[in-house]
Amino acid sequence: AVTVLYSWISGFHAVHGNGSARDTGALLFESEHACRDRDAPRNLHHFVSVTRSTLGDVRSLLLTRTPIGLFAPFLSASRQQALTEQMKSPTGPGWRLLCGMPASGLHDTGAMYYCEDCVADDVATWGLPRWRLPHQLPGSWVCLDHGRELRPLRTEASQWILPPIDRSTAPLPALEPAQAEALQRIASLASQVMGSGTLDVDAIRQAILVGLRDQGITTWLHPLDNDHLSAWFAGSPIAEWLRRS
């Protein structure tokens, strides 16, 4: 699995002595507070320069090593162009704002997610845990490699941190088969959309409506009813898992 950009920086920070988070931010991004934007710090141009493009250029970093890559395919043509232009400049609005991520309400920036089995594998292989990109995507609540529910870690924003090595003493309840299947389907979809080309949002909307009509949740003669849609979702395996969580 791809390592998220924030994880690479946190690993660098740990290997070099866990000094000041501000010093690491200043060195890699010319910003002492770069760690506050865990998705993608603003000045990726400086990062590419000091790392000599070892991890890629600005575009590849943004679209293949950060959650920005999941939002970019849904942008309109004008927003796509604005994002492309912004990739040429070290200044300007933040990447999350440019992609409309705060307004979407879909991305929780207060937590990082990890799989305990993945952490154990990484420590055994590399000596350090890492944040895996698929685990940080909206809609990813389970690990596709191990089928394990992801654990959230909430910490202060002004830190470069890695997942905890020690396993939690409080095991998560086992997922019901229907819940596990539904959660894995959504996580898989998020991973497939990540870094893809521009999506036809109107076509996706129409496909969803056709699917809802096939299940009798709406019809061709009547508009989509919020109450019917809510009642249908309330009985789904994902809604059941969300209530438990």
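**Reading a predicted model, feature by feature**

Modeller: Start with R244, which is partly exposed at a relative accessible area of 36%. Keep in mind that the model is predicted.

Colleague: How should I read that label, and which cut-offs apply to it?

Modeller: Under 20% is buried, over 50% is exposed, and partly exposed lies in between.

Colleague: In which helix is the place of R244?

Modeller: R244 sits in helix α13, which covers residues 237–244.

Colleague: Which residues is R244 in contact with, leaving aside neighbours within four places in sequence?

Modeller: Its partners are E149, P173, A174, L175 and Q179. Take P173 as a case. P173 and R244 are 71 residues apart along the chain. Their C-alpha atoms are separated by 9.3 Å.

Colleague: Now F233. Where is its place, and is it buried, partly exposed or exposed?

Modeller: F233 belongs to helix α12, residues 226–234. Its relative accessible area is 36%, so F233 is partly exposed. Beyond the residues up to four places away in sequence, F233 touches I238, A239 and L242.

Colleague: Let me step back to the whole chain. How many helices and strands are there?

Modeller: The protein chain has 13 helices and two strands. Its radius of gyration is 20 Å, close to the 18 Å that the globule rule gives for 245 residues, so the chain is as compact as a globular protein of that length. Along the principal axes, its C-alpha atoms fill a box of roughly 60 × 50 × 25 Å.

Colleague: What share of the residues counts as buried?

Modeller: The share is 40% of the 245 residues. The accessible surface is about 13,200 Å², and carbon and sulfur atoms account for 55% of that area.

Colleague: How do I read contacts by their spacing in sequence? What share joins residues at least 24 apart?

Modeller: Begin with the contacts between residues at least 6 apart in sequence. Of these, 65% join residues at least 24 apart.

Colleague: And the charges: how many are positive and how many negative?

Modeller: There are 21 positive and 24 negative charges. Their mean positions are 4 Å apart.

Colleague: Next, the largest nonpolar core. Which of its residues touch the most other members?

Modeller: The core has 41 residues. Those with the most touching members are F29, F47, L62, L83, W95, W131 and W160. Several elements each supply at least two core residues, including α1 (5–15), α2 (21–29), β1 (112–114) and α10 (177–193). Helix α4 gives the most, with four residues.

Colleague: Where are R52 and S53, and how accessible are R52 and S53?

Modeller: R52 lies in the loop between α3 and α4. S53 is found in the loop between α3 and α4 as well. R52 has 75% relative accessibility and so counts as exposed. S53 has 41% and so counts as partly exposed.

Technical notes
Residues are numbered from 1 along each chain as its sequence is written. This is a predicted model: local features need pLDDT of at least 70, side-chain atom pairs count only at pLDDT 80 or more; totals for chains, interfaces and linings use all residues. Side-chain values use heavy atoms; hydrogens and water are left out. The radius of gyration is taken over C-alpha atoms; the globule rule is 2.2 Å times the number of residues to the power 0.38. Buried means under 20% relative accessible area, exposed over 50%, partly exposed in between (1.4 Å probe, protein chains only). Contact means heavy atoms within 4.5 Å. Accessible areas come from the Shrake-Rupley method with a 1.4 Å probe; for residues, only the protein chains shown count as cover. Lys and Arg count as positive and Asp and Glu as negative; His and the chain ends are not counted. The place of a charge is taken as NZ of Lys, CZ of Arg, CG of Asp or CD of Glu. A nonpolar core is a set of buried Ala, Val, Leu, Ile, Met, Phe, Trp, Tyr and Cys residues joined through side-chain atoms within 4.5 Å.
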